[in-house]
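Subject: Structure handover

Hello,

Here is the structure for you to look over. My notes on it follow below.

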Amino acid sequence: MKPVRLPAAATLALPRWALYALGLLYILPGLIGREPWKNDDAASFGVMWTMAQGGWQDWLWPNVAGLSMPEEGPLAFWLGALGIKLFGWLLGDVLGARVATIGVFLLGTLSLWYATFNLGRRPEAQPLRLAFGGQPEPNDFGRTLADAAALIYLGCLGLLVHSHESTSEALQTSLLALTLYRAVRYMEKPSLRNAALIGLALGLMTLTRGWVTPAALLLALFLCGRFLALPVGRALRDLALAAATALLVTLPWLLAAVLSRPYGQEPLAAWAAWNLNQLALPGTYSLRAFLRVGVWFFWPAWPFALWAVYAWRRQSNLLHIVVPTAFVSIASLLALCHPNPEQGQFLMLLPPLAIMAAFGLLTMKRGAINAIDWFSVMVLTLCAAVLWIFWYAQLTGWPPRPAHNVLKLLPGFQPELHVLALLVAGAATAGWFALVHWRISRQPSVLWRAVVLSSGGLILIWILLMTLFLPHMNYSKSYATVAQQAAASVPAGTRCIDSNVGPAQRASFAYFGHLPFARVDGGNCPMLLWQDSTRGRSKKDLAAPPAPNWQLVWEGRRASDRSERFRLFRRVD
């Protein structure tokens, strides 16, 4: 017997304007006014900016101002560079590149919504008929489940920062959600057209982060077909068409890169080597990382998803159970087989987990839902109050302890009052209290009531961080200031600068400081930008140049980083 009994009153859809407003409030803060932060965000922007400013070779061989970055794939960088080309003159290069980030977010969220909607309106997913009628219509039931899945997806802690970065991981996650939607459509109606559309999504994913994940998803689709009793011959034929379509999508870039040899390099060799390095035998390190990070990364989706597995255990051969479970299993296996799993690996679990969690909501008891609500209200309201207290303290000096703790982390930072940011943060806080009052006073019976506070509270915290504390975070995580300091010490007419800095630092120095770094094919440059660490080194070692024929011109560091140091040298012949 199906474990679901639900009246029609519980399937009122979330108003479209409310869902769109939540999406905009989620994605826009953190894109506007935020500088490229250290590590992956700045490095990815550097590749996009180099493509937009460079020639055809840069589009075929991704690099950060001459530092080769060919491993993952070019699609995410192409989209960002196209955004700079189209909108950079109006929005600036940083925000122009992030236009693609908005599109990527919309692609993932809409794909997830439609995948859940199609699963929820199927006959086998419908709740049991009530004795006197009043059960929901299939389309209403599907819309409610889709709204719940979207809210859970937006409420996941792991998605918050990554969805605002211009990285290939965010695009890969959205393309996985698109593949999930196309897989649902194929399992509903197996056809060559649906198989080709799956192949299109897999091909785009291959251009984004390699062939390992698409190949694993083909295996997941085959397993889904076996559980759902699709004919083996038909499934193999359609999956072969999907694989061929994916290859056709990827082939133009591979052929152009191999035949033209941009900068005299071999893109296919570097790309293939990086793909193979993503696979290893599962080990205890990967398992510990998965469990340690996953507890908070997948919250609040994983408790609902586990409950869904238990609640629907007697109906394990149904489409809405088989497809998301197969995708979660394959994504988990890929994370465990990665020799050094990162958070980007775990992102792929979020879309199918959100779908499973939405079906888990159907069978949750009212007491458990109320407990989740009260936990969300207390924890998120407390977090918001702490942020307001720390912001007020660092601006006024009272209370003195929070003011000291904030400014101690940012030596040299001068806090200022930004009226527009204060108004946005105040409006978001007022909206949060209005949402809490609606939830407590009305006590709605709709299915998505259990997750609306979790998603709304997380959005509130993000808005407060990206308004009240955005100057602090830019000061702490951006290389803009130190790049401009270094640029002031570069003699006019310098043709190129050699460097050992990483991708994020190189991108920041090239964009903010306009330093002319050496190209991919190298060159004997008259200046050298050297990055090292002061941690665990003597004063004698720190004073020594990297080679005898270099003379120190400038030395500096970010104010918030005591160990990282940059030095600019001039060659002495």
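Pro-399 sits in the loop between α18 (366-396) and α19 (400-408). Helices here are DSSP runs of H or I with at least four residues, strands are E runs of at least two, and both are numbered from the N terminus. The peptide bond from Trp-398 to Pro-399 is cis, with omega about -5 degrees.

Before the rest, the ground rules. This is a predicted model, in which local features need pLDDT of at least 70 and side-chain atom pairs count only at pLDDT 80 or more, while totals for chains, interfaces and linings use all residues. Residues are numbered from 1 along each chain as its sequence is written, and side-chain values use heavy atoms, with hydrogens and water left out.

Another cis peptide bond joins Trp-299 and Pro-300. Its omega is about 5 degrees. Pro-300 is in the loop between α13 (284-297) and α14 (301-311).

Now α19 itself. Which residues of α19 are buried? They are Pro-402, Ala-403 and Val-406. They lie on the same side of α19, because they cover an arc of only 100 degrees around the axis. The arc is that of the directions from the helix axis to the C-beta atoms. Buried means under 20% relative accessible area, exposed means over 50%, and partly exposed is in between (1.4 Å probe, protein chains only). The buried residues of α19 pack against α18 and α22 (470-477). Contact here means heavy atoms within 4.5 Å. The face turned away from the buried side of α19 carries exposed residues: Pro-400, Arg-401 and Lys-408.

Next, the cysteines. How many disulfides does the structure hold? There is one disulfide. The term stands for a pair of cysteine sulfur atoms within 2.5 Å. The disulfide joins Cys-496 to Cys-525, with S to S at 2.0 Å. The link of Cys-496 and Cys-525 is left-handed, at -120 degrees about the S-S bond. Cys-496 lies in the loop between α23 (480-487) and β3 (497-499), and Cys-525 in the loop between α24 (503-513) and β4 (527-533), so the pair ties together parts that are 29 residues apart in sequence. Both Cys-496 and Cys-525 are buried.

Cys-156 is in no disulfide. The nearest cysteine sulfur to that of Cys-156 belongs to Cys-383, 17 Å away. Cys-156 is buried, at 0% relative accessibility.

Two backbone positions deserve a look. Ala-229 is a residue other than glycine, and its phi is positive, near 65 degrees. Ala-229 is in the loop between α10 (212-227) and α11 (232-260). Is Ala-229 buried or exposed? Ala-229 is exposed, with a relative accessible area of 63%. Arg-261 is not a glycine either, yet has a positive phi of about 45 degrees. Its place is the loop between α11 and α12 (267-276).

Side chains of opposite charge can pair when their charged atoms come close. The structure holds 17 salt bridges. A salt bridge is a side-chain nitrogen of Lys or Arg within 4 Å of a carboxyl oxygen of Asp or Glu. Arg-261 forms a salt bridge with Glu-266, at 2.2 Å, N to O. Arg-261 is partly exposed, at 35% relative accessibility. Glu-266 is partly exposed as well, at 39%.

Asp-41 pairs with Arg-34 in a salt bridge, and their closest N and O atoms are 2.7 Å apart. Asp-41 and Arg-34 are both buried. Another salt bridge links Asp-561 to Arg-558, with the closest N and O atoms 3.2 Å apart. Asp-561 is buried, as is Arg-558.

Best regards
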